Amino acid sequence: MKIRNGLRRMGNLVARRVKRGFGRCGEEGAALLEFAITLPMLMMVLTGTASFSLALYFLQQIGNATSSAALTVAGAAGVGLNNVDDPCAWAVSSVTAALPNLTASKLTYTLKVTDSGGTAHTYGPTKGSSFSCTAGYSLEAPNEPVVLTVSYAYTWLPVLNFSPASSLTSTEAAVAE
């Protein structure tokens, strides 16, 4: 038994001298400590990057839907579609059809129609899908702009329990034909 304990002490002594020779004395938990410090920072950076990328993706989708809806509303007046008696409702249905993954209650719409005298009539801002302006159709005039603004209340991914809400907004104009 005494021989075994003596060999252990000798082995420990040799191991300590080897570590000291390589300059690793007292660094047994350094890598674990560095990992524990850098992991939360890495997770914050990854979460922030994902949230920012998702916001840019939603902004692009909202811009495409707004552009399409503005062209549809302006073009409907030019060809004289009689079933388009509410350009605001048409814009809402066009945007919500193009954005099925977004919550409709977080969308806000504003439509500005310019009449033949050059006067701009603004409808909205209206939140949700109950946007209506039946007088807007009779005011649309050829070669006059129709401006549609769509905003989406975007909530960022939470980083350290900090989740601000901001608005992603897209404004598109089209000329009635």
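Which residue does a disulfide join to Cys-88? Good morning, colleagues. The structure before us is a predicted model, and I shall start with that link. The partner is Cys-133, with an S to S distance of 1.8 Å. A search of the whole structure finds one disulfide. The link of Cys-88 and Cys-133 is right-handed, with 100° about the S-S bond. Since Cys-88 belongs to helix α3 and Cys-133 to the loop between β2 and α4, the pair ties together parts that are 45 residues apart in sequence. Both Cys-88 and Cys-133 are buried.

Let me turn to the sheet. Strands of a sheet pair through backbone hydrogen bonds, in either a parallel or an antiparallel manner. Here we have an open sheet of four strands in the order β2-β1-β3-β4, and the pairing is antiparallel. The edges are taken by β2 and by β4, residues 165–175; each has a single partner strand, so one side of each is left without a neighbour in the sheet. From one strand to the next, the twist averages 10°.

Within the sheet, six bridges connect β1 and β2 in the antiparallel sense. Across this pairing, Lys-112 stands opposite Thr-122 in β2. The hairpin of β1 and β2 has five residues between the strands, and in that hairpin Gly-118 takes a positive phi near 90°. Strand β1 is also joined to strand β3, residues 145–155, by seven bridges, and these two run antiparallel. There, the bridge partner of Thr-108 is Ser-151 in β3.

What lies across β1, β2 and β3? This is helix α3, residues 87–98, which runs at about 135° to β1.

I now come to the nonpolar core. The largest such core has 28 residues. Those with the most contacts inside this core are Ile-62, Val-95, Tyr-109, Leu-111, Phe-131, Leu-148 and Val-150. At least two residues of the core are supplied by each of α2 (30–78), α3, β1, β3 and β4. Its largest share, eight residues, comes from α2.

Phe-131 is buried, with a relative accessible area of 4%. Not counting residues up to four places away in sequence, Phe-131 touches a set of residues that includes Cys-88, Val-92, Tyr-109, Leu-111 and Tyr-123. One of these, Tyr-109, counts as buried at 0% relative accessibility.

My last topic is the aromatic rings. A pair of aromatic rings is described by the distance of the centres and the angle of the planes. The count comes to six aromatic pairs. In the pair of Tyr-57 and Phe-58, the ring centres are 6.0 Å apart and the planes stand at 45°, so this pair is tilted. Is Phe-58 buried or exposed? At 17% relative accessibility, Phe-58 counts as buried, whereas Tyr-57 is partly exposed, with a relative accessible area of 43%.

For Tyr-109 and Phe-131, the ring centres are 6.0 Å apart and the planes are at 15°, so the pair is stacked. This pair links distant parts of the chain, 22 residues apart: Tyr-109 is in strand β1 (residues 107–114), and Phe-131 is in the loop between β2 (120–127) and α4 (135–139).

Finally, ring pairs link Phe-52, Tyr-57, Phe-58, Tyr-152, Tyr-154 and Trp-156 into a cluster. Thank you for your attention.

Key
Residues are numbered from 1 along each chain as its sequence is written. This is a predicted model: local features need pLDDT of at least 70, side-chain atom pairs count only at pLDDT 80 or more; totals for chains, interfaces and linings use all residues. Side-chain values use heavy atoms; hydrogens and water are left out. Rings of Phe, Tyr and Trp (its six-membered ring) pair if their centres lie within 6.5 Å; planes under 30 degrees apart count as stacked, over 60 as edge-to-face and the rest as tilted. Buried means under 20% relative accessible area, exposed over 50%, partly exposed in between (1.4 Å probe, protein chains only). Two strands pair if DSSP finds at least two bridges between them. Axes are lines fitted to C-alpha atoms, for helices over the stretch in contact, and angles run from 0 to 180 degrees between N-to-C directions. Contact means heavy atoms within 4.5 Å. A disulfide is a pair of cysteine sulfur atoms within 2.5 Å. A nonpolar core is a set of buried Ala, Val, Leu, Ile, Met, Phe, Trp, Tyr and Cys residues joined through side-chain atoms within 4.5 Å.
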